[in-house]
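Here is the note you asked for, to be read with the sequence and the model side by side. Please check each point against the coordinates as you go.

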Amino acid sequence: MTLARTQDPTALFPPKAQRQDAGAGHAPGSKTSHYHALWLSDIHLGCKDCKAEFLLQLLAQTQAKHIYLVGDIIDFWALKRRIYWPESHNQVLQRLLQLASSGTRILYVPGNHDELLKPYADLKLWDIALAREYIHLTSGGKQLLMVHGDQFDSQVCVGRFYARLGDHLYDLLLFLNRKLHQVRGPLGYPYWSLASYIKLRVGKAQEAIRRYRQAVVDYARRQGVDGVICGHIHQPELSLQQELIYANDGDWIENCTLLAETNQGELQLLRWDEAIGTTRIVSAITLAAPCAAPHDHKSMPTQATSTQEEVA
Ligand SMILES: [Mn+2]
C-alpha cells in the first residue's frame with residue numbers, strides 16, 4: 001500500500017494560507033473558541049440523518065489552525081440510493097471551503113462512503129488537501145496518525161460486501177420496524193422493539209468495537225507514532241492503549257462529536273450539546289509526555305473552561 005503521509009504541513013500549504021479567517025456568520029459579541037486542530041469524521045452529508053445544523057453552529061463558533069476531515073464526509077452511497085441534498089448540507093461544504101480559502105489548513109482523508117475521492121489523494125481540491133493517511137504533529141511534538149478506519153474491516157470480519165449489506169440492512173430494519181408496529185398493534189400483540197432486540201445482542205457489538213480498536217492500535221504501533229485518530233464505527237472514544245492514544249472522533253449522525261487539540265496542549269473529545277448550543281468536553285488527555293490517563297469532564301460546557309481562549 002502506498003501511503004501518502006507528510007509530516008510537514010507547510011509542504012502542503014503555501015504561505016498564502018496564513019490569511020485570517022473572515023469569521024463569517026458570527027453575530028457581534030458571540031464567543032469563538034480557538035483550537036490548534038479539530039478532527040471531524042462520519043458527517044454523512046447527503047444522508048437524511050446527518051445533523052448538519054448542529055455542525056453549522058459549531059463551525060460558526062469555532063476557529064482552528066488545522067481542520068482534519070477523517071472520512072465519510074460526503075455519503076456517496078446514500079446519494080446513489082436517493083438524491084438528498086438540503087441547503088444545510090450544502091452550507092457545511094461551503095463553510096469548509098470558505099475556511100480553507102481564508103487560512104484554515106484543511107486536510108481530507110477519504111473513508112468508505114466517500115471512497116471515490118481516494119484516487120485523488122495527494123491532490124488539492126480547491127484549498128482542501130487530500131491524503132490517504134496523514135500524521136499530525138501536535139504543538140508539543142507528538143505524532144498522531146490519522147486513518148478513517150475502513151481498511152481494518154476485513155480484520156474485524158466485516159468485508160466490503162458485508163459493510164454494504166449492513167448499510168442496506170440498517171435502512172431495511174428501520175423500515176420493517178415501522179411496518180411491524182403498524183401490523184402488531186391492531187392484532188393485539190405487545191409492543192416489540194427491534195432496537196431493544198438488537199441491544200440485547202450488544203455483546204457482539206462490543207466485541208466488534210474491541211476488535212476494531214485493537215486493529216487500529218496495532219497498526220499505529222507498527223508506524224511508531226504516539227497515537228491514532230480514526231472514525232468509521234460511530235463510536236466516540238478517547239483512551240490510552242498501553243501508552244498509545246486511541247482517539248475516535250465519533251460521527252454526526254448519532255453522537256455529534258469531534259476531537260480537538262487545544263492551544264494549551266490537551267487532546268479533547270467534545271460532544272455537541274443542543275440545549276446549550278455549544279460543545280461539552282467528554283474527556284481529555286494531556287499531550288505532554290508521558291500522556292496522562294484520560295480524565296472525564298462530566299458537565300462542563302467548553303466555553304466555560306479555562307482551557308479555551310475566548311474572544312468577543
Ligand atoms: Mn466509514
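1. Basis of the note. This is a predicted model, in which local features need pLDDT of at least 70 and side-chain atom pairs count only at pLDDT 80 or more, while totals for chains, interfaces and linings use all residues. Residues are numbered from 1 along each chain as its sequence is written.

2. The chain overall. The chain has seven helices and 15 strands, where helices (H or I, at least four residues) and strands (E, at least two) are DSSP runs numbered from the N terminus. Of its 312 residues, 35% count as buried; a residue is buried if 20 or more other C-beta atoms, placed from the backbone, lie within 10 Å of its own, exposed if 12 or fewer, and partly exposed in between. Among contacts (C-beta atoms, placed from the backbone, within 7 Å) with a separation of 6 or more, 66% join residues 24 or more positions apart.

3. The buried side of α2. Helix α2, residues 52-60, has A52, L55, L58 and L59 buried. These residues lie on the same side of α2, because they cover an arc of only 115° around the axis, the arc being that of the directions from the helix axis to the C-beta atoms. The elements that cover them include β2 (62-69), α4 (87-101), β12 (266-273) and β13 (278-286).

4. Packing of α2 on α4. The two axes come within 9 Å and cross at roughly 30°, with axes taken as lines fitted to C-alpha atoms, for helices over the stretch in contact, and angles running from 0 to 180 degrees between N-to-C directions. α2 and α4 are therefore roughly parallel to each other, a term for angles under 35 degrees. At their contact, A52, E53, L55, L56 and L59 of α2 meet S88, H89, Q91, V92 and R95 of α4. By class, this contact has five nonpolar, three polar and two charged residues.

5. Two residues with positive phi. D72, in the loop between β2 and α3 (76-81), has a phi near 55°. D72 is buried, with 29 other C-beta atoms within 10 Å. D122, in the loop between β3 (105-108) and β4 (124-125), has a positive phi of about 90° although it is not a glycine. Is D122 buried or partly exposed? D122 is partly exposed, because it has 13 other C-beta atoms within 10 Å.

Methods: Two residues are in contact if their C-beta atoms, placed from the backbone, lie within 7 Å. Angles under 35 degrees count as roughly parallel, over 145 as roughly antiparallel, 65 to 115 as roughly perpendicular and the rest as oblique. Ala, Val, Leu, Ile, Met, Phe, Trp, Tyr, Cys and Pro count as nonpolar, Asp, Glu, Lys and Arg as charged, and the others, Gly among them, as polar.
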